[in-house]
Amino acid sequence: MLNAEQRAIIKATVPLLETGGEALTTHFYKMMLSEYPEVRPLFNQAHQASGDQPRALANGVLMYARHIDQLEQLGGLVGQIINKHVALQILPEHYPIVGSCLLRAIEEVLGKEIATPEVIAAWAAAYGQLADILIGAEESLYKQKEEAAGGWRGTREFRLVRREQESSEITSFYFAPVDGQPVLKAEPGQYIGLQLFIDGAEQRRNYSLSALCDGQQYRISVKREEGGKVSNYLHDQLVVGDTLQLFPPAGDFTLAASDKPLVLISGGVGITPTLAMLEAALQTQREVHFIHCARNGAVHAFRDWVDGLAERHPQLKRFYCYAEEEGAQSADAVGLLSQDVLGEWLPRERDVDAYFLGPKSFMAAVKRQLKGLGVPEQQSRYEFFGPAAALE
Ligand SMILES: Cc1cc2nc3c(=O)[nH]c(=O)nc-3n(C[C@H](O)[C@H](O)[C@H](O)COP(=O)(O)OP(=O)(O)OC[C@H]3O[C@@H](n4cnc5c(N)ncnc54)[C@H](O)[C@@H]3O)c2cc1C
Ligand code: HEM
C-alpha cells in the first residue's frame, strides 16, 4: 500500500511523466527487449517501430498516476488492458521484468536529481499496486475461461480445417481443436490469440473471430499486410491439416444486449468482428444498419454473404462506400465516407448503438461524424487492431 507521502510524490511526478512519458517508455522498451529476450515474442515489433505500443503503455501509466486516489475511475482502461494481456498470455512472472525496467528508465530519463530514492520508492510501490490489480483481474479472467464449457488455459492445439479466399487480400481460416472437444463460445466481437513459430522465432498475434462461434470451430479472416510476418505466413504457408496453438478468446468490444437499432461501421479488414455481431443481431428482432467502406470492389470481402442476409432479413439494411471511382458502379457512395452520407444511412432517430472499426484515420472520422450526427458518445464503441490510441 502507498502511504500519503508516496501518493503526493506520484501526483507531483505526473506532469513530468506527461511531458516525458513517451520517451520514458520508449527507453524502457529498448532496455527490456534487449535484456530479457524471453519477453520479446510477446511484443509485436511493428507496434514498437510505429511508437503505438510505447504510447499506449505511457497512457496507461499516466492515467493510473492521475487517478491514484480514485482507482475505481480506471474501470474501462483496466478492462481493455487485461483483455489484451490475457489474449497474449501475459503472466504474473512477467510483471517484475516490466517493473524493474520501468523504474530504471525513470531514473535514467529524469536524472538522479529528480528521480531521488524517495521518488523511485514511491513509483516502485505504485507499480506494485497497479501490477497487483492487473495480475488479480487477469487471473480471474484466465480462471473463468478455463472453467467455462469448452474453455481452456494457456495454449491448445488446433488444426486448420478449411481456408477460403474472401477478396483479393483477405482469406478466412477455420480452426478446430485437435482433441475433438467443444470450444469456448466466444462473444461476438471477441478475438483469439495465435502462437506461431516462423523461421524459428515465436510470434503472437490477435485476430477477431469473423463468424459467430458454433462451439466447435473458430473462423478468422486475415488481410495480407505488405511485409507482415504472420499474415503472409498464414496466406502463403498454412495449409489444411497444419496445426498451431491458440489462446482462448478474449476482448471487451462485444455486442451488448439492447433493443436499440444497431449500426455497424467498418473499413477494410475491420469488417471481421462486425460480421459476428451481425449474425448475432439477426437472431433477434433488432434493426441493423451495416455500413462497410472498402478501397474498391476487388478488396471488398463478404459482400455476397451480407447481400444474401439482407435479402432474407428485412430488418437489415446494408450500405457500401468505395474510395476509388473505378468499378464503383455497385457502391452506394464513392469517395471517403462523409458525414452527410453517413447521416443518410443512419436511422432517422439517432438513439442507436454504434460499433466501428477500421484504419485509425477512418475511425477518427467516424467517431467525429457520429458525434456530429447526434449519436450519444457513450453509445459509440470501437476497438483497435493494434495498441489503443487517441482518436481526437
Ligand atoms: C484485437 C485485434 C484484432 C485483430 N483482428 C484482425 C483481423 O480480424 N484480421 C486481420 O487481418 N488483422 C487483425 N488484427 C491485426 C493482426 O493482429 C496483425 O497485427 C496483422 O495481421 C499484421 O500482422 P503481421 O505479422 O502480418 O504484420 P507485422 O509483421 O506485425 O507488420 C505489420 C506492418 O508493419 C511493418 N513492419 C514490421 N516490422 C517493422 C519494423 N521493425 N519497422 C517498420 N515497419 C515494420 C510491416 O511491413 C507491416 O506493414 C487484429 C489485431 C488486434 C489487436
Ligand atoms: C502495470 C503494468 C502494465 C501496464 C500499466 C500495462 C499497460 C498496457 C496498455 C495500456 C496496453 C495497451 C492496451 C490496448 O492496446 O488496448 C498494453 C498492451 C500490452 N501489454 Fe501491457 N501493461 C503492463 C504490464 C505488462 C507486462 C508485465 C507485459 C509482459 C511482459 C505486458 C505486455 C503487453 C503486450 C504484449 C501488449 C500488447 C502490445 C501490442 O499490441 O503490441 N504488459 N499494456
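This is a predicted model: local features need pLDDT of at least 70, side-chain atom pairs count only at pLDDT 80 or more; totals for chains, interfaces and linings use all residues.
Colleague: OK, ligand 2. Which protein atom is the donor to the iron atom?

Modeller: NE2 of His85, 2.1 Å from the iron atom of ligand 2. His85 is the single donor from the protein.

Colleague: Where does His85 sit?

Modeller: In helix H4, which covers residues 75-87.

Colleague: Which residues come nearest to ligand 2?

Modeller: His47, Gln80, Lys84, His85 and Ala388. They belong to a shell of 22 residues around the ligand.

Colleague: Start with Gln80 and Lys84. How far are their polar side-chain atoms from oxygen atoms of ligand 2?

Modeller: For Gln80, a side-chain N or O atom is 2.9 Å from an oxygen of ligand 2. For Lys84, a polar side-chain atom lies 3.0 Å from an oxygen of the ligand.

Colleague: And which atom type of ligand 2 does the His85 side chain contact?

Modeller: A nitrogen atom. The distance from that nitrogen of ligand 2 to an N or O atom in the His85 side chain is 2.9 Å.

Colleague: Which helices supply at least two residues of that shell?

Modeller: H3 (52-66), H4, H5 (95-110) and H6 (117-147) each do. H4 gives the largest share of the shell, with four residues.

Colleague: What's the make-up of the shell by class?

Modeller: Around ligand 2 there are 14 nonpolar residues, seven polar ones and one charged one.

Colleague: Stay with H5 and H6. At what angle do they pack?

Modeller: About 150°, with the H5 and H6 axes 10 Å apart. Angles over 145 degrees count as roughly antiparallel, so H5 and H6 are roughly antiparallel to each other.

Colleague: Is that crossing left-handed or right-handed?

Modeller: H5 crosses H6 in a right-handed way.

Colleague: Switching to H8 and H9. How do they pack?

Modeller: H8 spans residues 271-281 and H9 spans residues 303-312. The angle between them is about 15° and their axes are 12 Å apart. That puts H8 roughly parallel to H9, because the cut-off is under 35 degrees.

Colleague: Left-handed or right-handed, for H8 and H9?

Modeller: The H8 and H9 crossing is left-handed.

Colleague: Now ligand 1. How many residues surround it, and which are closest?

Modeller: 25 residues surround ligand 1. Asn206, Tyr207, Val230, Ser231 and Thr272 are the closest.

How values were computed: Residues are numbered from 1 along each chain as its sequence is written. Chains are lettered from A and ligands numbered from 1 in the order in which they are written. Side-chain values use heavy atoms; hydrogens and water are left out. Donors are N, O and S atoms within 2.8 Å of the metal (3.2 Å for Na, K and Ca); water is not among the atoms, so sites may look incomplete. A residue is near a molecule or strand if one of its heavy atoms lies within 4 Å of it. A polar contact is a pair of N or O atoms within 3.5 Å; within protein, one must be able to donate a hydrogen and the other to accept it, and residues adjacent in sequence count only if both atoms are side-chain atoms. Ala, Val, Leu, Ile, Met, Phe, Trp, Tyr, Cys and Pro count as nonpolar, Asp, Glu, Lys and Arg as charged, and the others, Gly among them, as polar. Axes are lines fitted to C-alpha atoms, for helices over the stretch in contact, and angles run from 0 to 180 degrees between N-to-C directions. Angles under 35 degrees count as roughly parallel, over 145 as roughly antiparallel, 65 to 115 as roughly perpendicular and the rest as oblique. A crossing is left-handed if the near helix is turned anticlockwise from the far one by less than a right angle, and right-handed if clockwise.
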